[in-house]
Amino acid sequence: MGVTFKLPALFLAGLIVFVLAEALYFLSKDHGDRDKTRVARALSLRVSLALVLFLVLIAGAMFGFIKPHGI
Amino acid sequence: MSHPQTYYVPGPSPWPIVAVMAVFAILFGGALLANGFFPGLMIIILGFALFAYLLFAWFGDVVRENMAGLYSETVDSVFRQGMIWFIASELMFFVSFFGALFYLRTVSADWLVGKGYLAGTHELLYNQFTSTWPATGPGVKEQYTPMRAWGVPAFNTVILLTSGATITWAHWGLKSENRGLLIRGLIATIALGLIFVILQTLEYQEAYQHLNLTLKSGVYGSTFYILTGFHGLHVTVGAIMLASILGRCMKGHFTPENHFAFEAVAWYWHFVDVVWLGLFVFVYML
């Protein structure tokens, strides 16, 4: 897998983990406050980033950057 | 609903000792089974049944105490801290298995091909070994077909991503007091989770019957099943937790201000999806 492809994919994966951890932090801090939507917003961002990562992986496979071991 | 300032101390409860009895039954039955005493299986099943009843009863008590307004801000804070510690242990659990995979594919493989400080392994023992992945390791002769990323695994990725979207819709439904969206989102998430587990089970069948990919397929087989197997178990537990939260939502338990259990279970579901993304990349693709 080329470095030009691997780096953005790994960065995206790292960002997903960071946003998930951030959501957990907000979950521990925000309680009893109906107007705080930080957890919901962080988790929404997490889902969006995960979708982008999946599309990047699909594109990578389609354009031959990734050669999965199983094929 | 009143919020007392002091920390609620419950009265005597049978549940801790029942938990001990259930876990003892599971492990004792396992020990009997491992030593060839087959009624041990029945004891394991009884232990799990007792454990399931215990969870229902103990969490039921906690929910009742919460809904009766007995819990203070301190209790709420303690629940959140407890979750952080539990998630830390779950994280270490998966990190250890991904770590084992990484170690095998980089460190051990290097030694077996003659690099690094244990290069003698290659010279003296396994001088025919070449480093490829999937590999079974030297000495395991049985052929198998590795699991491919495209097909069911890629489809399962879409399933879990969609379930992440549906649980997020449910979350926003709760925050905006849209109970219909909350309940529909939860039902959709649980359904998608069940589809995922069913498809994974079918993939395991396919692996055993047609690919000859079993737990005995060397380190590739071991790491494949331990990672995907424990992940599948976590999806199952997550789906059960979502179902219990759905029941509570239908009973009107949560408000936009007071819904820690929902957010905890929703976060757990997102965590399970992120672990799957890691699996898809490092176990299925690379």
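In chain B, helix 3 and helix 8 pack at an angle of about 10°, with their axes 12 Å apart. Here axes are lines fitted to C-alpha atoms, for helices over the stretch in contact, and angles run from 0 to 180 degrees between N-to-C directions. Helix 3 and helix 8 of chain B are therefore roughly parallel to each other (angles under 35 degrees count as roughly parallel, over 145 as roughly antiparallel, 65 to 115 as roughly perpendicular and the rest as oblique). On the helix 3 side of chain B, the contact is made by D76(B), F79(B), R80(B), M83(B), F94(B), F98(B) and L101(B); helix 8 of chain B brings F260(B), A264(B), V275(B), G278(B) and F282(B). Two residues are in contact if their C-beta atoms, placed from the backbone, lie within 7 Å. Sorted by class, this contact of helix 3 with helix 8 of chain B has nine nonpolar, one polar and two charged residues. In that scheme Ala, Val, Leu, Ile, Met, Phe, Trp, Tyr, Cys and Pro count as nonpolar, Asp, Glu, Lys and Arg as charged, and the others, Gly among them, as polar.

A word on the model itself: this is a predicted one, where local features need pLDDT of at least 70, side-chain atom pairs count only at pLDDT 80 or more, and totals for chains, interfaces and linings use all residues. Residues are numbered from 1 along each chain as its sequence is written, while chains are lettered from A and ligands numbered from 1 in the order in which they are written.

As for the overall build, chain B has eight helices and zero strands (DSSP runs numbered from the N terminus, with helices being H or I of at least four residues and strands E of at least two). Its C-alpha atoms fill a box of roughly 75 × 45 × 40 Å along the principal axes. Of the 286 residues of chain B, 27% count as buried. A residue is buried if 20 or more other C-beta atoms lie within 10 Å of its own, exposed if 12 or fewer, and partly exposed in between, with C-beta atoms placed from the backbone.

Chain B splits into domain 1 (1–71) and domain 2 (72–285), with bounds that come from an automatic or database domain assignment. Nine residues of domain 1 of chain B touch seven residues of domain 2 of chain B. The domain 1 side of that contact in chain B divides into six nonpolar, three polar and no charged residues.

Helix 2 (residues 40–67) of chain B has 28 residues and reaches 40 Å from its first C-alpha to its last, close to the 40 Å expected (1.5 Å times one less than its number of residues). The buried residues of helix 2 of chain B are I43(B), G47(B) and L54(B), and these pack against helix 1 (15–34) of chain B.

Turning to the loops, E177(B) sits between helix 5 and helix 6 (179–211) of chain B. Phi of E177(B) is near 55°, a positive value in a residue other than glycine. E177(B) is exposed, with 11 other C-beta atoms within 10 Å. N212(B), in the loop between helix 6 and helix 7 (218–250) of chain B, also has a positive phi near 55°, but N212(B) is partly exposed, with 14 other C-beta atoms within 10 Å.
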